[in-house]
Amino acid sequence: MAVTADAVVVGAGPNGLVAANVLADAGWHVLVLEAQAVPGGAVRSDRGLRPDYVHDLFSSFHPLAAASPAFQALQLERWGLRWSHAPSVLAHPLQDGRCALLDRDRTRTAENLESFAAGDGEAYLRLADLWDRLGPDLFRALFAPFPPIRSAAALAAKVRAAGGLRLLRMLTLPVRRLGEEDFAGVGGPVLLAGCALHADFYPESPGSAAFGWLLLMMGQQLGWPVPRGGAQELTAALVRRLEAKGGSVRCSSEVEAVLVQGGRCTGVRTAGGEPVHARYAVLADVPAPALYGRLVSWEHLPTRLRDDIRRFHWDYATFKVDWALSRPIPWTAGAAATAGTVHVADGVDHMTRYNAQLSTGHVPDRPFALLGQMTTADPTRSPPGTEAAWAYTHLPQHIRGDAGHAGITSRWGPGEKEAMAERLEHEVERLAPGFRECVIARRVLAPTDLERLDQSLHRGALNGGTAAVHQQLIFRPTPGSGRPETPVDGLYLASSSAHPGGGVHGACGANAARAALKVRRTAVRRVLAPGLSALQRALSGGERGRFHP
C-alpha cells in the first residue's frame, strides 16, 4: 500500500524541517524525505576527523537562526537546543598586530575602533543606534513572505524618521564606500566588508553595505551563537519537535520525481520507485534548478521557465578545511584568540583583489578566508587546551585558471586539494606564526566533497543562488517569482532558492508552509460556503416558513 501524508517535504535541511514543523503545528500529518543517511542538510556535525573533536560540516555560526521569527516561534530550547557564545563575536587581525574586534557590548567595540582612528568609535555607535531604530522592523520585512506589506509599511515609517532618502542611500552603497565615508581608520571598514563577503558580494557591489551592516549589527545585538555540542544539535531539536507533533523524517529516501496529474502535484516518487502521495501539498527544500526540469518534468512547466532556469545564477563554490589543533591558534594579534569567527585578509583591497580573481574564473592566489574557532565558542567541541577549527574560502563555479602557481583546474584530486589547503593555511600562518605546528589532523573538503555530502550544494554553493540584487525579491529564483508558489498547484519551493535566500533562518520553509496552509483554508471555505450561507439564512429567519408553518 502506498504511503500517504497530508504534506510531503522533500529535503530535511533547516528550511524543510521548519516547514514541516509549521504544518505539523496546524494539525497536518507531515512526512519528510531526505536523500542523505542523516537529516540536517547543511546543518550537520560529526566526529569524523578525531573522535574527541566535533566539527560542523557546513554552517557553524547562526546569528540568523537566533534572530529569525521562524525559529523563535518554534521555541527549540524546549526541545533541547542550547546556544553557546565565544567571548568576542568577530575578529579581523592585521599584519601589524592590531585587531578589529566586534563585541556584544557596543561600548567595547567602539573603544576598539577608536584605537584605529579618532572618531571611529562614535561612527560605530551611530550605526548601532540606527540599528536600534530599524532592526526589529527590518527583520520582520526581510523574513516575511514577499511582498511584506504590513512590515514594509512599518519599516517605511521608521526609515523616514531615521533619515529618509539619506538612509536609503546608505543601504544601497557598496560596503567599501560606507567604510570610507564613516570611518577614518581601517578597523571599521574591514569588519563591515568582511561581513559582506559572507555572501557573494564584492566590496564594490551595490547594496553590500546593507548586508555587511546587518550581519555586523546582529553580532553586536545577539552575537553569532553556535549550538552547544555541534550544528547537528539544531537539527536534532527540529526533528524532536516534529516527531512530538506527529510528523516523521525518513532518511536515505531520495526523491527522483514530483508527481503531477492534471496540473496539480499529487506526491513524489522515490529513487526506489515508491510512490508517496500528498493529500494537500509537496514542499521542496531543494535548489530551483533541481526542482524545475529535474524533479518536475518540463512538460508540466511554462516554456519561459526553462530559459529562466538556464540563466539561474549560483553563488560561489566553497573550499573548506577542518583542523584538530593541539592548542589555540597563536595569533600575533592576541585579541583574535577571543573570537568565535576570524576574518583572514590584509584589508579591503585584499578582498577586492580576491573577488576580482573569482569573477574572472580564477582560483585566488591569496584567498580571503572565514575561520571558525569552535572550542572558543563552545568548550564541548574538543578537549581542554585544544581547538576544533575550520576555515573556508570561495572559488569560481567554473574555473578558467589559477592565479597561483599550482595549476588548480577543479579536478580536485589529492594534489589539487593539498595545494589549495596549503594556500589557505599559508594565509593563516602569516597572521599566526606557528599555526601549522598545532595541527594534529586535517580534513579537506573540496566543492565536489561538499556536494557529495549535500546534493543541494551545487559545486559547494552554500546559499541556493547568488545574493546579488538581480536574483533577489521578485527576481528570486526567477523574474516574477518572489513567493514559494510554483506553476504547479500544490507544489511549493521551500529552499534558499526562494525569497529571502541563503542563511540558516528557516524563513523560506516557513513561508512555503504558510502559503500551503492558506491555499488549504481557502479551499475548505469554498467547499463549506454554500452550507454556511444556508445556515446563516436559516438562523436569520430567511427559512422561517420552513421551520414554523
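Visitor: What volume does the second largest pocket have?
Guide: This is a predicted model. In this model the second largest pocket has a volume of about 250 Å³.

Visitor: Which residues are the closest to its centre?
Guide: His313, Tyr316, Leu358, Ser359 and Gln397 are the closest to the centre, out of 18 residues that line the second largest pocket.

Visitor: And how does the lining of that pocket divide by class?
Guide: The lining has nine polar, six nonpolar and three charged residues.

Visitor: How can anyone tell where empty space is left?
Guide: A probe the size of a water molecule is rolled over the atoms, and that shows where the empty space is.

Visitor: Helices next. At what angle do H5 and H10 pack?
Guide: Helix H5, residues 120-143, packs against helix H10, residues 208-222, at an angle of about 100°, and their axes are 9 Å apart. H5 is therefore roughly perpendicular to H10, as angles of 65 to 115 degrees count as roughly perpendicular.

Visitor: Which residues meet there?
Guide: On the H5 side they are Tyr124, Leu127, Ala128, Leu130, Trp131, Leu134, Leu138, Phe139 and Leu142. On the H10 side they are Trp213, Leu214, Leu216, Met217, Met218, Gln220 and Gln221.

Visitor: How many of the residues in that contact are nonpolar?
Guide: The contact of H5 with H10 has 14 nonpolar residues, along with two polar and no charged ones.

Visitor: What about H1 and H11, roughly parallel or roughly perpendicular?
Guide: Helix H1 (residues 14-25) and helix H11 (residues 232-244) cross at roughly 25°, and their axes come within 9 Å. H1 and H11 are therefore roughly parallel to each other. Their crossing is left-handed.

Visitor: Which residues of H1 and H11 meet?
Guide: H1 brings Pro14, Leu17, Val18, Ala20, Asn21, Ala24 and Asp25, and H11 brings Thr235, Leu238, Val239, Arg241 and Leu242. By class, that contact has eight nonpolar, two polar and two charged residues.

Visitor: Where in the chain is Pro477 found?
Guide: Pro477 is in the loop between helix H17 (447-453) and strand S20 (491-493). Pro500 is in the loop between S20 and helix H18 (507-539).

Visitor: Is phi of Arg459 positive or negative?
Guide: Phi of Arg459 is positive, near 50°, in a residue other than glycine. Arg459 lies in the loop between H17 and S20.

Conventions:
Residues are numbered from 1 along each chain as its sequence is written. This is a predicted model: local features need pLDDT of at least 70, side-chain atom pairs count only at pLDDT 80 or more; totals for chains, interfaces and linings use all residues. Side-chain values use heavy atoms; hydrogens and water are left out. Axes are lines fitted to C-alpha atoms, for helices over the stretch in contact, and angles run from 0 to 180 degrees between N-to-C directions. Helices (H or I, at least four residues) and strands (E, at least two) are DSSP runs, numbered from the N terminus. Angles under 35 degrees count as roughly parallel, over 145 as roughly antiparallel, 65 to 115 as roughly perpendicular and the rest as oblique. A crossing is left-handed if the near helix is turned anticlockwise from the far one by less than a right angle, and right-handed if clockwise. Contact means heavy atoms within 4.5 Å. Ala, Val, Leu, Ile, Met, Phe, Trp, Tyr, Cys and Pro count as nonpolar, Asp, Glu, Lys and Arg as charged, and the others, Gly among them, as polar. On a 1 Å grid over the protein atoms alone, a cavity is a set of points where a 1.4 Å probe fits but cannot get out, and a pocket is an open set with protein on both sides within 12 Å along at least five of seven lines; lining residues have an atom within 4 Å of a point. Grid points are joined across faces, edges and corners, and a volume is the space filled by probe spheres set on the points.
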